[in-house]
Every structure is written in structure tokens, then in C-alpha cells.
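Q: Please take me through one part of this model slowly, setting it in its surroundings and giving the cut-offs behind each term as it comes up.

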Amino acid sequence: MENNKELEQLIDAACDAKTKAYCPYSNFRVGAALLGEDGKIYTGCNVENGSYGLTICAERTAYTKAVSEGCKKFKTLVVTTDVTDRFITPCGACRQFGVEFGNFDVYCVKPNKTDKFQTTSLNLLPGSFTPNDLEAPKTNQ
Ligand SMILES: [Zn+2]
């Protein structure tokens, strides 16, 4: 991402989304902000459920909000938590969810908003299964 102001705006949006997390079981708040190629910011927080397997992560909340509003191409994802001593990266499910939409910048940001780990959606999931794999030559043998 070239534009620092845009990144700061995304970090603020992710931190704000984190305050909306519904996480009574883990007490692990996560906020995400996704910049679409349409220029809009789609935010998400984790939403837990008493039936634990139904919990959805902040990142997937943001992706589904974006797609449901017509945006399927992304420039940048920012993820933030309350953890101060390390960078928290998206879980495996969210990594797979991300590469579905191609390669884009991913920033994992500490609560102080200044410490950042920069990577990309494809770097987070090397050797990933992507929609292109569905088009690969196949045999029935
Ligand atoms: Zn996740």
C-alpha cells in the first residue's frame, strides 16, 4: 500500500470494528478492515456463538459483507487484536477465504496502531487451493 493516510484510516476502522466484537467465550477481540477496489472499507469483528463451531472470524465477516455488497476485489486487509507481544495473523479458514479473492496486501497491527506486520494473502497460504485449480486438466481414471 502506497498511501499511508489510507492505511491509517483502515487501521482506525479495524480498531473500531474490534470494539464491536461479540466474544463472550474467548474474550479475544478481533477487528478487520478490508479496502475494496471500489474504494470502500468493509469492516468486521468476530462473532462467537454458544455452539462454538458457528463462530465467524472478523476477517470472514468483512469478506462476506463486501461480497454481499457487490465487491469481490480487494486492495488491503487490516487485522487487529488486543494482543501486545506478537502479531496475530488470520486463521487457516480466513487465509483460504482470502485467497479466493486473489492476492492483496495484509497488515497485522498491534493495538498501539503503529507496530505492523505486512504480508499478502498469497504469502499467508503457500500452495493454496484457488479457483484456478478448478479449471486444471482432469481425468476420470
Ligand atoms: Zn479466521
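A: Two strands count as paired if DSSP finds at least two bridges between them, and the elements themselves are DSSP runs numbered from the N terminus (helices H or I, at least four residues; strands E, at least two). The model is predicted, so local features need pLDDT of at least 70 and side-chain atom pairs count only at pLDDT 80 or more, whereas totals for chains, interfaces and linings use all residues. Residues are numbered from 1 along each chain as its sequence is written, and side-chain values use heavy atoms, leaving out hydrogens and water.

With that in place, strand 1 (residues 30-36) and strand 2 run antiparallel and are joined by five bridges, one of which pairs alanine 33 with threonine 43 of strand 2. These strands belong to an open sheet of five, ordered 2-1-3-4-5, in which the pairing is mixed. Strand 2 and strand 5 (116-120) are at the edges with a single partner strand each, so one side of each is left without a neighbour in the sheet. On average, and ignoring direction, neighbouring strands are turned by 15 degrees against each other.

Helix 1 (residues 4-18) lies across strand 1, strand 2, strand 3, strand 4 (105-109) and strand 5, and runs at about 140 degrees to strand 1 (axes are lines fitted to C-alpha atoms, for helices over the stretch in contact, with angles from 0 to 180 degrees between N-to-C directions). Helix 2 also packs on the sheet, where it touches strand 1, strand 2 and strand 3, and its direction makes about 140 degrees with that of strand 2.

The protein donors of the zinc ion are Cys57 (SG), Cys91 (SG) and Cys94 (SG), at 2.2 to 2.3 Å (donors are N, O and S atoms within 2.8 Å of the metal, or 3.2 Å for Na, K and Ca; water is not among the atoms, so sites may look incomplete). Along the chain these donors follow the spacing C-x33-C-x2-C. Cysteine 91 lies in the loop between strand 3 (74-81) and helix 3 (92-99), so its pairing with cysteine 57 ties together parts that are 34 residues apart in sequence. The C-alpha atoms of cysteine 57 and cysteine 91 are separated by 8.4 Å. Setting aside residues up to four places away in sequence, cysteine 57 touches Cys45, Asn46, Cys91 and Cys94, contact meaning heavy atoms within 4.5 Å.

Beyond its neighbours within four places in sequence, asparagine 49 is in contact with Tyr25, Leu54 and Thr55.

An unreviewed UniProt entry annotates Asn46, Val47, Glu48, Asn49, Gly50, Ser51 and Tyr52 as "binding site"; UniProt positions follow the numbering used here, feature names are shortened, and annotations may be inferred rather than shown by experiment. The unreviewed entry also annotates residues 5-132 as "domain: CMP/dCMP-type deaminase", a span whose end C-alpha atoms lie 34 Å apart and which is 26% helix and 23% strand.
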